[in-house]
Amino acid sequence: MKRLVIFLCLYALQVSDADFNASRDSCVPASSPVSSKQINKACHPYISKEQGYCRNNIGDWLVKPSSDEQKIYEAELRRVRISILMIKKIYNINITKACLLTFNDVYCRWRFPKCDTITANLTEAICKESCEYVFKMCAGELKLMKELMDKDKFMNCMVMKPSNGGERPECYHSRFSNTETDKLRAAECYYGNGLGYRGNVSVTTSGHVCQSWASQCPHRHDHPLSEYPELVNASNWCRNPGGQGPHGPWCYTTNSSIRWKYCDVEKCPPPVPSLSPTILQVSSRGPKRVFLAWRSVPLPFVHGQLRGFRISVIKLNARHEKQIVNTTSPSVTSIELNDLEPLTNYSLSVLAFNENGDGPSSRAVSVETMPENSISVKFILTLNQQKFSDHLLDKQSMMYQKLASRVMKTISTILKETKTTEYRIYHIEISRFINGSVLSVEFYVTAEVLGFLPKWSIVQDITGRIVKRYSSRRNKSAGRMNFRSLLVKDTPPPPPNVSGDEVTMTSVRVYWSPPLYHEPYRITNYTVQYKKAKTEMSYYDAVSVNANKTKVNVDHLDLDTKYLMRVVSVNAYGPSTASQPIIVKTKASKSASNTVLIIVLSVAAAVIGVTLIIIGVAWRRWSNKREYLTQLNSTNLFEALGIEITKAWWEIPRDDLSIEEEIGSGSFGVVMRAYLNTGNEKNEKTLCAVKMLKDNPTERELRDLCNEINLMTVVGDHPNIISLIGACTADGPPWLVVKCAVNGCLLDYLRENRKTPIYSNLEKLDNTKTIAPELKLSFAYDIAKGMSHFEKNRVVHRDLAARNILLGRDMIAMVSDFGLSRDVYQMGVYENTDGGILPMRWMSLESLENFTYTTESDVWSYGVVLWEIENEGQLPYAGISNGQQILEYLKRGNRLKNQENTSRDIQVMMQECWHPEPKQRPTFTSLVEKISEVYQIQGRQGWEERERRDFDDGYLSENQDLNPGQIAPQDSNTRYHDYEEIDGDACGGDTEVRSHDNEGYNDHIFVENNVPPNSAPNSSKGIVTITTSNTLSPYFA
């Protein structure tokens, strides 16, 4: 064992003498130092440090040329400077920064070689690769410079030697010739030529130990840290300083006979892109579309061949984040993402990939899609007195941003000058500037549809506003941006005023007017379409004419035939919506004309006779009606109509009411704002609403209003229901007096306080408007309490919706159930079906199928009201056009979709309200308890205030007794009436109370005597059921 140890020690001592000497203080240099005599003879100071062309490229080192030679070279370089200026002036070419930096670095080193005073190589030549790189980077510039200078004065790369690490004679390798692949950092391997290698290997491929870079023994070298930062703290680890070695990291060895060698370091696999694309623009362009644009990765950082880009789309705040990846080709740097969800936040990022794999992803950006009922249109606007510049192609440039801001401000001002209730401008986006004979700007306008105008009508209105702006002389004042023309990149509006004349047996002349503001649409032609009336055939394109014509003959028609004819406008983006069709009937043959004339005269005579009879009957009925109404005004109205009073109300003298302006009207009645004299000592007046019929009402209308008074006495008082104050039924037509909601309609409040989307870029928009979650919960709680009162009194509402919820003092929500003043033909809300004029979007599944209405169907409607509150007044099922489609949508198991920020508790509550089985839905009493629990969790202090206010608001307690007409002491603004219990026997069995609303349908209230007296607290002994729609008013409470 001892012999083995001795043998190993002796073997270790056989290390090379040079290696051993290098590790000791007495290291033997491989070469002797350069003498000062040699340096003074071969090297000279640079004499043009102040104004020389190469002053910034040459430090304090000595150079080879003598003073006289330096003067010659400086004169030559002054001609280079002049050539650069001439190239810019004569050829209008700006030499690129990369070319200029590379040229100066290599050319100055070539003309003023550095003296290496450390090694025996006193002058440093230029490496062949660096010379060739200059001619590659400045190919066009050097070609022009050669024409302006002496060609012999340029470098000749053919005579230069290639770089080869530390081997002598060393040459200058320009850092500018290193690629981005060479610079990639790695510790286990190296990329390119290994400039970025930062590992700790210190042994060459031949097994020699590396010399420390800070040492000059055994081998002297010229690698100062100021020129080679990669050698800082490099010890004796392998490196490729300045990229001098073309084949990877190397080092000087500790063997004095071997100057340098490449190191034993592996080369890395081909790299993926090292940079990510830069996202330039992201914007929502509709409820399901988002536009994304990015700048590609610079080619040097691709490290190979760019194969394309991948766009990652992640839905934020989702329970399970789902990533969608879209792939594009290398030439595509923008994309429009489709089929997204409305009003949803998405996170977008982009990465580049080459043949080796995916590079890093860009910084993620978020964007919110628009509401479902929104539109987006592209415009191109030609600007006056504006010149194009290449800087306008770069969205990051100051010129682009400044001009884009001016255009944005002008367009925003134009579109905000006129207010409209049909749509709201949501977003304006400057897309790009276009170079042409004049400068143009492309931009998008996105609008939220608030009413029921078609898309083409909204686009036409926006177009008209801009056209009026650039056509008006008053807008061409100094300091304001002026426009020359506008192009709408969308289908045109349909032509109006379509008509026909010159009808023959086989032809007709059709004419029309050009659409309003038609010039920006660039209409190319009009097409007349027709089909035979009362057939299921499609329209046939009969004839097309140029856009400058507005009439055409349609030939080859059948005689004595009715046709439907319409006209469409056509431009480069397609045909418009068709105009309203007109009915045209071709003439019959002459032989048939006489027969037709006889038939027509006979029918006319019969019609005249029947008309005279009808007029006589109508006159007689009118006389009877007038006499009857006169009788009603002079007697007790209820007695005259044969209506039994179910409960007493406060009969208000008409003189106590001060009638003011009208606040609502319907087909049969009006609602007036009024003040009621309370009759107390202070002679105070209470704000109220008075509902009355229009002049000359029919008996049915009078009966309906009287039945409504009866109905309100049955419902009774509640702080969350629009309650009856009293009525005027004596000495004149009936008046219904109710509480007035001072804060208007809940639907209007939700829409007015809707928050502006995060992607909106309109200036000076109030983005602070928002409705606190606690206030939304309080609305839900108030409505549930009001409906719970309906439920206890066995009343079915049938039209529960946000438009029928009114807001009183302190934003108390009150259910309104008496809609004589509402227009039942409001488009998109009520639909005319076999069951009447119905609010299809709020109706339950069973109500849509068979027109069945129960308290459970009211619970379904309450769920829709919760959805309206959470979605800030949006129209339910906005993408569905009619009730049949809604029914099919619901039967497939679909329900309204909630926003991501809707609380989990409210979402569960909505789904429970929309249970397909009516009996499985919660009661309103249980809903009040559930909302109370949610409210107490979110903010107990606000909840206790709301509970306290319910009793301080003048709500009649069980132990409080008031006489008929007495004013409750809690609130001088509220009147209460006493209730008389219904005696079932006095009604003569089951009593039916009918009330008729403005839709022309009756509300039936059945009071059944067989119900136990305690089954409906605070109400009559019977069950009250409204069996047809009785809707709510946004005007009064």
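A: The charged end of Arg566 sits over the ring of Tyr539, at 3.7 Å from the ring centre. A charge is said to sit over a ring if NZ of Lys or CZ of Arg is within 6 Å of the ring centre and within 35 degrees of the ring normal. Arg798 has such a place as well, over the face of Tyr853 and 3.5 Å from the centre of that ring.

The model is predicted: local features need pLDDT of at least 70 and side-chain atom pairs count only at pLDDT 80 or more, while totals for chains, interfaces and linings use all residues. Residues are numbered from 1 along each chain as its sequence is written, and side-chain values use heavy atoms, with hydrogens and water left out.

Rings may also meet one another. A pair of aromatic rings is described by the distance of the centres and the angle of the planes. Rings of Phe, Tyr and Trp (its six-membered ring) pair if their centres lie within 6.5 Å; planes under 30 degrees apart are called stacked, those over 60 edge-to-face, and the rest tilted. By this rule, a search of the whole structure finds 18 aromatic pairs. In one of them, Trp260 and Tyr262 have ring centres 5.0 Å apart and planes at 80°, so the pair is edge-to-face. Trp260 has a relative accessibility of 11% and therefore counts as buried (buried means under 20% relative accessible area, exposed over 50%, and partly exposed in between, with a 1.4 Å probe and protein chains only). Tyr262, at 18%, counts as buried too.

Trp294 and Phe309 form an edge-to-face pair, with 5.6 Å from centre to centre and 65° between the planes. This pair links distant parts of the chain, since Trp294 belongs to strand β6 (residues 290-295) and Phe309 to strand β7 (residues 306-315), 15 residues apart. Helices (H or I, at least four residues) and strands (E, at least two) are DSSP runs, numbered from the N terminus. Both Trp294 and Phe309 are buried. Strand β7 also holds Ile311, which is buried with a relative accessible area of 0%. Between the C-alpha atoms of Ile311 and Ile324, 13 residues apart along the chain, there are 8.0 Å.

Trp260 and Tyr262 also belong to one aromatic cluster, together with Trp213, Trp250 and Tyr252. From C-alpha to C-alpha, Trp213 and Ala234 are 7.0 Å apart in space, although 21 residues separate them in sequence.

The backbone deserves attention next. Most residues other than glycine have a negative phi, and most peptide bonds are trans. Cys217 and Pro218, however, are joined by a cis peptide bond, with omega at about 5°. Pro218 is found in the loop between α8 (180-183) and β3 (250-252). Arg522, which is not a glycine, has a positive phi of about 50°. The loop between β18 (508-511) and β19 (525-532) contains Arg522, and a relative accessible area of 42% makes Arg522 partly exposed. Arg794, again a residue other than glycine, has a positive phi near 60°. Arg794 lies in the loop between α15 (773-792) and β30 (805-807) and is partly exposed, at 25% relative accessibility.

Rolling a probe the size of a water molecule over the atoms shows where empty space is left. On a 1 Å grid over the protein atoms alone, a pocket is an open set of points where a 1.4 Å probe fits, with protein on both sides within 12 Å along at least five of seven lines; lining residues have an atom within 4 Å of a point. The second largest pocket holds about 1000 Å³ of space, a volume being the space filled by probe spheres set on the points. Its lining has 34 residues, and Glu341, Leu896, Lys897, Asn898 and Gln899 are those nearest the centre. Helix α19 (residues 904-913) contributes the most to this lining, with four residues. The second largest pocket lies between domain 2 (278-369) and domain 6 (746-753 + 770-948), because both give residues to the lining; the domain bounds come from an automatic or database domain assignment.
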